[in-house]
Amino acid sequence: MEAAVAASSLRRMYERRRKDAVVALDDLTLTIAQNEIHGLLGPNGAGKTTLVKILSTVLLPTSGTARVLGHDVVAETKAVRSLVGLVLGGDRGLYDRLTARRNLLFWGALYKLDSRTVRRRADALLERVGLAERADDPVERFSRGMRQRLHLARGLLHEPRVLFLDEPTSGLDPVAAVAFRRLVLELRDEGRTFLLATHDMDEATALCDRVSLIDRGRLLLTDDTSNVGRILGDRECVDFVHEDDALARDLATLPSVLDVERLDDRWRAHTADREGSRRVLAWLVERDVLTGRHAQPTLEEVYLRTVGDRGMRV
Amino acid sequence: MIHVLRIVRQATMLGFAEMGRVYTWRTWTFGWLVRLLCQVSFYALLGSYLGDPGLTRYVLVGNIVVLACLESTIVVISLAGERAQGTLPLLAVAPAGHLPVYLGRGVQWMTTGLVSSLVAWTVLPPLLGVPLPWPRAAYAIPVIALILLSSYGYGCALAGVALRLRGVEWLVLNFAYGIVMTFGGVNVPLSFWPAPLRAALEFLPLVHGLQAVRGILDGAPTGHVLAQVGLEALVGTAWYTIAWLSMDRLVATGRRTGTLDHAG
Amino acid sequence: MTHLSVVWRAFQLQALLSRRSPAHLLILLIAPMQTTSLLAMTLHAHRPDAVATAVIAPGLIGLWVSSLDYAGRVVPEDQWAGRFTPMVAAPVPLTLVVAGRVTAVVLVGAMAFGESWLVAALGFGRVLTVRAPGVFTAAVLATCLASVGTAMLMSGVISLSRARDVLQNSLSYPFYILGGIVFPLTVLPGWVRPLSHLVFLSWSARLLRDSVHGTAHDWPLALATILALGTAALAGGMWLTHRLVNLARRKGTVGHA
């Protein structure tokens, strides 16, 4: 089966006035299978949005190629456009003074749908994203979450096979975010493919079949979400909470322990294998430390390790 | 083609909806329309202070017809709004393309332009003591409609400028309209201006249409009137072409440089 | 911070904003075109005696438009962009901030006087000489002050109104007519004239024209009237701004447009 997205050696530079050009994407190669939910993770300015824009034909690559369902995004723009849906996060991109329904009818015309189809789909989508009751309110009265949902409905109007979502849940409250994720999963069951740019690790863990980490325009890794934890060196670990530094130092001397590190609120002992973890847990229990827990690195930890903890800097 | 028409229709409804958020029919009539009528009267009263009823009528006719141009060029603001609202990249990737949207985006201004110039055309001349020769004055109405259309193309072309530089849409609108108002033969004949400037004025919308309107009122030969109408149509077409090329380039360049979605 | 320095800071802020935001400089674009239009009409009609009118009017329009622009754009933009809330919460009275900013805007408008003089001199070779420069300068200053007051009043009215865009667009030409800024009030029908006397523009326009021609014999009365009308507007505007803040706090609409 043809790949939903196949990007090869994509590179994108931004020229700047009186300054060196910025490399937003650097030699990025990525394949996304059909019917996959693929997470694109990275800090602000990593190149996530640039990639989404190139794949949705909003932006031209400086070099390299990208295909969506076999169609080149530069040469076969028209074919690509009717196959993909673009959902940009944030407050913009809607006609504030129009009602939700009118917005959809407008975009339906731009996607060359006939009136009856647009009407039918607009009603169904508004129902589906939970905006049916507010369908005839002007968008300017919508909360951020409602706007995001309308963005999604807009992106789904022409029933695209591939959807590009750029930070779709930023600023959503937890309940709305969960509903949003459920909807994405439903849509995947209908056979759609998703590329989801986000920096919400929980979201990526909950939704994505596979994830790619990018930083400074480079692809750091791509793997199954469940495998990502192993990337940190296939290591096992045991987390525990204890006040005493001396205990941690003692633990570090055990032969089965590779090293012990201090995390924010707990300690983590890295072990070579499952057996090592078992010994560490037993050792802790002997010393009356009952908070020990077998752990695997989470996506968030992988992210922080790979991208580096840059704090607020981007 | 049918798609283009549907998009224009949707864009038109969008335009009216946006207008409806600003105006109710009451505030439009007693706010905007009264203001336009006052604008016309302001110049006409100056005309009556400076000269004879002939001058008053000259200025009055010019200022009524220029309302058509004024309202049509407001499309600059509507189009610049696309960038501010962040819809430009989404329009660019829609299969139908962005061009038909521009055609419909300011139709509401053409409609109100037609209404306000027609109200002024019928109400103001008798009020200011310089009645128009009816029924001949009615023949000028289609020409006013043509001026609305050609000015709309002019507005779309200038919107290309407003979309490229940020936050200048009001400057562009006032400049676009101000040039026509000042030099287009509205208050003084074109012959008042030095020859090189006069040559450039031929390319402005309204200029030929207004001459046709004056010709109709003065009972000029049909040939002269039709020639001016033809020139007005030609000028309008040229502006539409410029608008089309300019918008197409804007999106093409935006895709290359990544500047499509900058906030306005 | 003393009250005066608040006003000064607000003035500086607005000057910076106006320099950066082209929309605020609209007046400087309109004035030369308007001068050209009016002068062309005057010269075409062979009325050299009305040249002064054609040069002064764009200056007055500039002041009026800038007051309206401030009132109709700056204040609502603050509300829309959520800057109104912190301003209300700040320990200094909002009125002072408004006064400082509106002064900056009005001074930009006053530059229209210089522009239209230049257009007449350079574009048409008509150098306007002022017979009574002292009175003229006093008249311009008084007019600026009256504009600040009027802008305060209008920003209050427009903020309270639900049709602010409409108001901002509509309060221009009707007042140019009422203010007789391009023709003597005698051109207007008799029933309109009493209304004209309530608009400071009518007093300013006449005083400015008379000072150019050296016929401003009753200038103290005219100056006093301009200042009195300006002060009345200012007082009304301050009262409305105060009311607006209280209303916003009571109804919880602070920050909403």
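Before anything else, a term I needed: two strands pair if DSSP finds at least two bridges between them. I also noted that this is a predicted model.

**Entry: a sheet in chain A**

I started with strand β1 (residues 5-16) of chain A and looked for its partner β2(A); the two pair in the antiparallel sense over eight bridges. Within that pairing I asked which residue of β2(A) A:M13 stands opposite. I found A:V23 there.

Next I stepped back to the sheet. I read four strands in the order β2-β1-β4-β5 (chain A), forming an open sheet with antiparallel pairing. At the edges I found β2 (19-32) and β5 (71-72) of chain A; each has a single partner strand, so one side of each is left without a neighbour in the sheet.

**Entry: a hairpin in chain A**

Further along, I looked at strand β9 (residues 210-215) of chain A and strand β10 (residues 218-224) of chain A, which pair in the antiparallel sense over six bridges. I saw A:S212 opposite A:T222 in β10(A). The two strands, β9(A) and β10(A), form a hairpin, and two residues lie between them. In the turn, I noted that A:R216 has a positive phi of about 50°.

**Entry: the build of chain B**

How many helices and strands are there in chain B? I counted 12 helices and zero strands. I then checked the overall size: the radius of gyration of chain B is 19 Å, close to the 18 Å that the globule rule gives for 264 residues, so chain B is as compact as a globular protein of that length. Along its principal axes, I read a span of about 60 × 45 × 35 Å for the C-alpha trace of chain B.

I looked at burial too, and 55% of the 264 residues of chain B count as buried. Of the contacts in chain B between residues at least 6 apart in sequence, I noted that 80% join residues at least 24 apart.

**Entry: confidence in chain B**

I found an average pLDDT of 87 for chain B, with 98% of the residues scoring at least 70. Where in chain B is confidence lowest, and where highest? It is lowest in helix α1 (residues 2-22) of chain B, at a mean of 79, and highest in helix α11 (residues 207-218) of chain B, at 93.

**Entry: where chains B and C touch**

I finished at the contact, which takes 30 residues from chain B and 30 residues from chain C. On the side of chain B that touches chain C, α2 (25-50) and α9 (169-183) of chain B each supply at least two residues.

How values were computed
Residues numbered from 1 in each chain as written. Chains lettered and ligands numbered in written order. Predicted model: local features only at pLDDT ≥ 70, side-chain atom pairs only at ≥ 80, totals over all residues. Rg over C-alpha atoms; globule rule 2.2 N^0.38 Å. Buried ≥ 20, exposed ≤ 12 C-beta atoms within 10 Å, placed from the backbone. Contact = placed C-beta atoms within 7 Å. pLDDT = per-residue confidence, 0-100.
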